[in-house]
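Subject: Handover of a structure and the findings from it

Dear colleague,

Please find the structure below, together with its sequence.

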Amino acid sequence: MSDTLVAPRTRSWIFYAALLILFWGVWGAFSALPATRYGYPDRMIYCIWALTMIIPAVFALRGATFDRRRAATGYGLLIGLTGAGGQLLLFQALTMGPAYLIFPIVSISPAITVIMAMVLLRERISRLAVVGLIAALAAIVLFSVTGAAADDSTGPWLLLAVLICVAWGVQAYFMRKTATIGVGAATTFGWMAISALVLIPFAVYSMGGIPTEFPWQAPVLTAGTQILNAVGALFLVMAFTRGKATVVAPTTNALAPALTIVVSLVVYQTVPTLYGALGIALALIGSTLMVYSDEKRGMAPTPAVQSAHAAS
């Protein structure tokens, strides 16, 4: 019955956020290999990612009670479809517009999560945490900035980038929202895996079928990297069900790219740009301030969580 109980805010979110940063940070450093080494299509990478979601889903649901309430189903599908749908839209946007303009727009999604959590869940953060939040959001944008020349052109990709930003910001908010109504992380992630699988036919249709001209190393390498992505997504859900969305969203979104840069520095012997180095510094400073502030304020549940307990 543990999966149907309200998950109060506890210090354990830091542990799961750290695992998320580790998995997504390493995944980020190697995620481009299938495309750069073999020219593997992005939509096939999506399909394989969706299949790898089954592995952590089975692990998470083992011994847990799958919540079949209407609210759990609705929120679960909303979380899953906004996440997986955003992935498909991202692949489409990258075929239409410049990546160095698309990613900075998408990277602002934690700001949407924070605003929704403060307004709808009445989460509050201290002044110290606000400083950390600003630093983390600035770091996220800096990680997406490249030295490429500016491109002032706009097109359909701009609308897609905005939609992805909103979708992922909303997804993160509802990850936290589900915990306040008693939906556990296992159920939420189960619906995420189901939603990802449901969208596979759309990805295959957009490719005109499953491509078979690539060597076996391409899908194997893709599966090896995307399992890191899938497991990291499970840790993301577990972090959101235990921590404040106003802290978890900017912290994880800032530190994962920072680790990616560090891993790339070690593996590929690449030197980070000035923007990257500044982003790492801001990510560390901002995340430290938010975590310290959250610890200092104590682990009292948010008003929304208190209301959920009172209603039960």
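Axes are lines fitted to C-alpha atoms, for helices over the stretch in contact, and angles run from 0 to 180 degrees between N-to-C directions. Please also bear in mind that this is a predicted model.

**Helix packing**

With that definition in hand, we may begin with helix 3 and helix 5, whose axes come within 9 Å and cross at roughly 165 degrees. Angles over 145 degrees count as roughly antiparallel, and helix 3 and helix 5 are therefore roughly antiparallel to each other. Helix 3 passes helix 5 in a right-handed crossing.

Helix 3, which covers residues 42-52, also packs against helix 11, residues 200-207. Here the angle is about 160 degrees and the axes are 9 Å apart. That makes helix 3 roughly antiparallel to helix 11. The crossing of helix 3 with helix 11 is left-handed.

Helix 7 and helix 9 give a further pair, packed at an angle of about 45 degrees with their axes 7 Å apart. Angles that are not roughly parallel, roughly antiparallel or roughly perpendicular count as oblique, so helix 7 and helix 9 are oblique to each other. Their crossing is right-handed.

**Salt bridges**

How many salt bridges are there in the model? The count comes to two.

One of them joins Arg69 to Asp67, with the closest N and O atoms 2.8 Å apart. Residues under 20% relative accessible area count as buried and those over 50% as exposed, with partly exposed in between. Arg69 has a relative accessible area of 40% and is therefore partly exposed, whereas Asp67, at 4%, counts as buried.

Another is formed by Glu123 and Arg176, where the closest N and O atoms are 3.8 Å apart. This pair links distant parts of the chain, 53 residues apart. Glu123 is in the loop between helix 7 (109-120) and helix 8 (127-144), and Arg176 is in helix 9 (residues 156-180). Are these two residues, Glu123 and Arg176, buried or exposed? Glu123 has a relative accessible area of 1%, so it is buried. Arg176 is at 0% relative accessibility and therefore counts as buried.

The loop between helix 7 and helix 8 also holds Arg122. What is the phi angle of Arg122? It is near 60 degrees, a positive value in a residue other than glycine. Arg122 is partly exposed, with a relative accessible area of 43%.

**Residues far apart in sequence**

- Leu94 and Asp42 are 52 residues apart along the chain, and their C-alpha atoms are separated by 9.6 Å. Leu94 is found in helix 5 and is partly exposed, with a relative accessible area of 27%.
- Tyr75 and Trp191 are 116 residues apart in sequence and 8.8 Å apart in space, C-alpha to C-alpha. Tyr75 lies in helix 5, residues 70-94, and at 22% relative accessibility it counts as partly exposed.
- Glu213 and Tyr40 are 173 residues apart in sequence and 9.8 Å apart in space, C-alpha to C-alpha. Glu213 is in the loop between helix 11 and helix 12 (217-240), and its relative accessibility of 60% makes it count as exposed.

**A nonpolar patch on the surface**

Which residues form a nonpolar patch on the surface? They are Val262, Leu265, Val266, Val267 and Tyr268, with about 400 Å² of accessible area together. Val266, one of these residues, lies in helix 13, residues 245-268. The relative accessible area of Val266 is 57%, so Val266 is exposed.

Yours sincerely,
A colleague

Note on methods:
Residues are numbered from 1 along each chain as its sequence is written. This is a predicted model: local features need pLDDT of at least 70, side-chain atom pairs count only at pLDDT 80 or more; totals for chains, interfaces and linings use all residues. Side-chain values use heavy atoms; hydrogens and water are left out. Patches are made of residues with over 30% relative accessible area and no salt bridge: like charges are joined within 9 Å, nonpolar side chains (Val, Leu, Ile, Met, Phe, Trp, Tyr) within 5 Å. Accessible areas come from the Shrake-Rupley method with a 1.4 Å probe; for residues, only the protein chains shown count as cover. A salt bridge is a side-chain nitrogen of Lys or Arg within 4 Å of a carboxyl oxygen of Asp or Glu. Helices (H or I, at least four residues) and strands (E, at least two) are DSSP runs, numbered from the N terminus. Buried means under 20% relative accessible area, exposed over 50%, partly exposed in between (1.4 Å probe, protein chains only). Angles under 35 degrees count as roughly parallel, over 145 as roughly antiparallel, 65 to 115 as roughly perpendicular and the rest as oblique. A crossing is left-handed if the near helix is turned anticlockwise from the far one by less than a right angle, and right-handed if clockwise.
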